[in-house]
Amino acid sequence: MADAKPFAMPDKPEGATGVLVLASGEVLWGRGFGAEGEAVGEVCFHTAMTGYQEIMTDPSFAGQIITFTFPHIGNVGANPDDIEADAPHALGMIVREDPTAPSNFRAMENLSGWMARHTRIGLAGIDTRALTRRIRGGGAPTGVIAHSAAGVFDLDALLAMARGWPGLEGMDLAKGVSTQLHYGWGETREGGVWRLGFGYGGIENADRPHVVAIDYGSKHNIFRNLVQAGAKVSVVPATASYDEIMALEPDGIFLSNGPGDPAATRDYTVPVIRQLLETSKPLFGICLGHQLLGLAVGAKTTKMFQGHRGANHPVKRLSDGAVEITSMNHGFAVERETLPANARETHVSLFDGSNAGLELTDRPAFSVQYHPEASPGPQDSFYLFERFVGALRSDRG
Ligand SMILES: NC(=O)CC[C@H](N)C(=O)O
């Protein structure tokens with residue numbers, strides 16, 4: 001039990017309405033907010049100082065409980081625009097301070113109400129610094145967060161729940177969060193990136209290159225950025241077949257981010273991606289999409305010790321040595337040593353040297369492990385959308 005000392009709190013303190021129980025048996029008492037109930041998953045930490053609504057709604061966080069290292073979460077409330085999917089996908093959040101009343105002109109409700117409405121559990125009053133050190137030292141553990149306004153908890157049952165959860169390795173979560181329907185982005189949904197006073201805006205009916213995006217659990221800002229870079233986007237389910245995709249007459253293919261273990265999806269993702277690569281149409285992948293491109297060309301992916309989740313991760317672009325400050329959210333990575341001869345590493349994490357991008361040398365296909373769509377995070381890497389959409393335009397002549 002790594003670093004167990006700060007958590008030796010076996011008895012429920014007066015007024016505790018929330019608790020985190022780790023599979024190791026460590027118990028952290030706090031105050032619940034949002035929905036009541038319990039949720040089990042991987043406990044990870046995120047270092048972004050802004051964008052908690054975007055983070056909670058990112059489908060890549062399915063199966064995870066997020067510890068925010070920034071102590072004040074919730075102070076700008078919740079609004080209907082800053083979301084990456086229709087509902088939160090993270091199971092819950094662990095924070096230091098109780099969320100205060102929202103202070104922002106865009107707030108429509110407070111964080112606790114938004115969480116409750118979406119059946120997501122919050123746990124405040126936790127020493128998130130100590131918990132983060134625990135995760136850094138021991139890896140991301142399995143845990144249960146529970147909220148009971150009456151303060152009634154069955155710790156044995158919660159511990160059994162934590163111990164019974166199998167872990168993210170080997171878990172296919174992409175199918176479950178993907179769209180079930182094929183739809184045109186911007187037709188039924190908002191179009192481009194958000195601007196103060198304009199919102200997301202629509203898409204004019206210009207003749208745009210057509211991207212078919214395979215949705216493994218995509219963040220909406222990826223589609224908004226593709227639109228911003230000049231594309232028209234159609235979204236298809238994670239399980240769409242090669243024929244279904246080609247029937248849409250794509251100029252290029254996009255592989256989205258998504259939750260869970262990339263290798264666990266390989267039966268239905270890799271064969272389709274391999275066929276798509278044979279068409280030599282430009283292909284771009286982000287995060288899970290990057291890992292799947294890696295798997296499709298024969299590389300291996302591996303579970304990382306603690307993963308990368310934050311909005312200030314430096315990445316070195318190997319072509320010119322430039323450093324991009326990026327948004328990251330991943331717990332698996334492509335193993336550089338397993339890349340085949342026709343795949344070249346293009347980016348490297350400056351935090352731990354892990355692979356952060358690749359391109360094929362015999363196909364117009366590239367991908368990055370980080371999130372150029374930011375949301376939240378810096379926009380240093382928007383050029384990747386321009387590069388991809390530019391390749392579609394030149395293909396069309
Ligand atoms: N953001 C993502 O697409 C995450 C990819 C994958 N689920 C991982 O954890 O590494």
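Among contacts in the protein chain between residues at least 6 apart in sequence, what percentage join residues at least 24 apart? In the protein chain the share is 75%, where two residues count as in contact if their C-beta atoms, placed from the backbone, lie within 7 Å. The structure is a predicted model, in which local features need pLDDT of at least 70 and side-chain atom pairs count only at pLDDT 80 or more, whereas totals for chains, interfaces and linings use all residues. Residues are numbered from 1 along each chain as its sequence is written.

The protein chain has 10 helices and 17 strands, these being DSSP runs numbered from the N terminus (helices: H or I, at least four residues; strands: E, at least two). Buried residues, those with 20 or more other C-beta atoms, placed from the backbone, within 10 Å of their own, make up 51% of the 397 residues.

An open sheet with mixed pairing is formed by 10 strands in the order β8-β10-β9-β11-β12-β17-β16-β15-β13-β14, two strands being paired if DSSP finds at least two bridges between them. Because β8 (183-184) and β14 each have a single partner strand and stand at the edges, one side of each is left without a neighbour in the sheet. Within this sheet, strand β11 (residues 252-255) pairs with strand β12 (residues 283-286) in the parallel sense over three bridges, and Leu255 stands opposite Gly285 in β12.

Definitions and conventions: Buried ≥ 20, exposed ≤ 12 C-beta atoms within 10 Å, placed from the backbone.
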